[in-house]
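Please look over this short briefing on one protein chain. Keep the structure open beside it as you read.

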Amino acid sequence: MKIKDAIVARLIELCAQRNIRKNELANLAGLTPSTVYSVFDESRRDIGMVTVKKLCDGLEITVTDFFDSPLFKELEQEME
């Protein structure tokens with residue numbers, strides 16, 4: 001799994017736990033819905049750390065808590 005896929009999987013997991021939809025996540029994070037939808041877009045490979053931080057703020061968790069998941073333990077190498 002690559003980092004972008006792990007981030008999306010973690011967001012899906014956290015939103016499901018909180019019963020939050022993408023539009024609500026955008027509102028909570030102070031982001032536009034298009035920004036949040038672009039995070040979930042499989043054709044987009046990059047997510048900025050500022051965006052991740054805002055999403056964490058919206059979910060009321062720290063960045064450390066976000067990345068403290070088995071999803072991030074064994075990521076594929078990104079160099080291509």
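**The chain at a glance**

Of the chain's 80 residues, 36% count as buried. The model is predicted. The chain holds 5 helices and 0 strands. Along the sequence, its pattern reads α-α-α-α-α. The radius of gyration is 12 Å, close to the 12 Å from the globule rule for 80 residues, so the chain is as compact as a globular protein of that length.

**Overall dimensions, contacts and charge**

- The C-alpha trace spans about 35 × 25 × 20 Å along its principal axes.
- Take the contacts between residues at least 6 apart in sequence: 67% of them join residues at least 24 apart.
- The accessible surface of the chain is about 5300 Å². Carbon and sulfur atoms account for 50% of that surface.
- Side chains with charge number 11 positive and 14 negative. The centres of these two sets are 4 Å apart.

**Helix H4 and its buried face**

- Helix H4 covers residues 49-59. Which of its residues are buried? They are Thr51, Val52, Leu55, Cys56, Gly58 and Leu59.
- Viewed down the axis of H4, the buried residues fall within an arc of 160°, so they line one face of the helix.
- An α-helix has 3.6 residues a turn, so residues three or four places apart point the same way.
- What do the buried residues of H4 pack against? Their partners are helix H1 (3-18), helix H2 (22-29), helix H3 (33-40) and helix H5 (63-67).

**Thr51, a buried residue in H4**

- Thr51 sits in helix H4.
- Is Thr51 buried or exposed? Its relative accessible area is 18%, and the cut-off for buried is under 20%, so Thr51 is buried.
- Setting aside neighbours within four places in sequence, Thr51 is in contact with Leu31, Thr35 and Val39.

**Two residues with positive phi**

- Asn19 is not a glycine, yet its phi is positive, at about 55°.
- Where is Asn19 found? Look in the loop between H1 and H2.
- The relative accessibility of Asn19 is 67%, and exposed means over 50%, so Asn19 counts as exposed.
- Glu60 also is not a glycine and has a positive phi, of about 60°.
- Glu60 follows H4. Its place is the loop between H4 and H5.
- Glu60 has a relative accessibility of 73%, so it counts as exposed.

**Arg44, in the loop between H3 and H4**

- Arg44 belongs to the loop that lies between H3 and H4.
- At 44% relative accessibility, Arg44 counts as partly exposed. Why? Buried means under 20% and exposed means over 50%, so 44% falls in between.
- Which residues does Arg44 touch, not counting those up to four places away in sequence? They are Lys4 and Ser38.
- Arg44 and Lys4 are 40 residues apart in sequence. In space, their C-alpha atoms are 8.7 Å apart.

**To take away**

- The chain is built with 5 helices and 0 strands.
- The buried residues of H4 line one face of that helix. They pack against H1, H2, H3 and H5.
- Asn19 and Glu60 count as exposed. Arg44 counts as partly exposed, whereas Thr51 is buried.

Terms used. Residues are numbered from 1 along each chain as its sequence is written. This is a predicted model: local features need pLDDT of at least 70, side-chain atom pairs count only at pLDDT 80 or more; totals for chains, interfaces and linings use all residues. Side-chain values use heavy atoms; hydrogens and water are left out. Helices (H or I, at least four residues) and strands (E, at least two) are DSSP runs, numbered from the N terminus. The radius of gyration is taken over C-alpha atoms; the globule rule is 2.2 Å times the number of residues to the power 0.38. Buried means under 20% relative accessible area, exposed over 50%, partly exposed in between (1.4 Å probe, protein chains only). Contact means heavy atoms within 4.5 Å. Accessible areas come from the Shrake-Rupley method with a 1.4 Å probe; for residues, only the protein chains shown count as cover. Lys and Arg count as positive and Asp and Glu as negative; His and the chain ends are not counted. The place of a charge is taken as NZ of Lys, CZ of Arg, CG of Asp or CD of Glu. The arc is that of the directions from the helix axis to the C-beta atoms.
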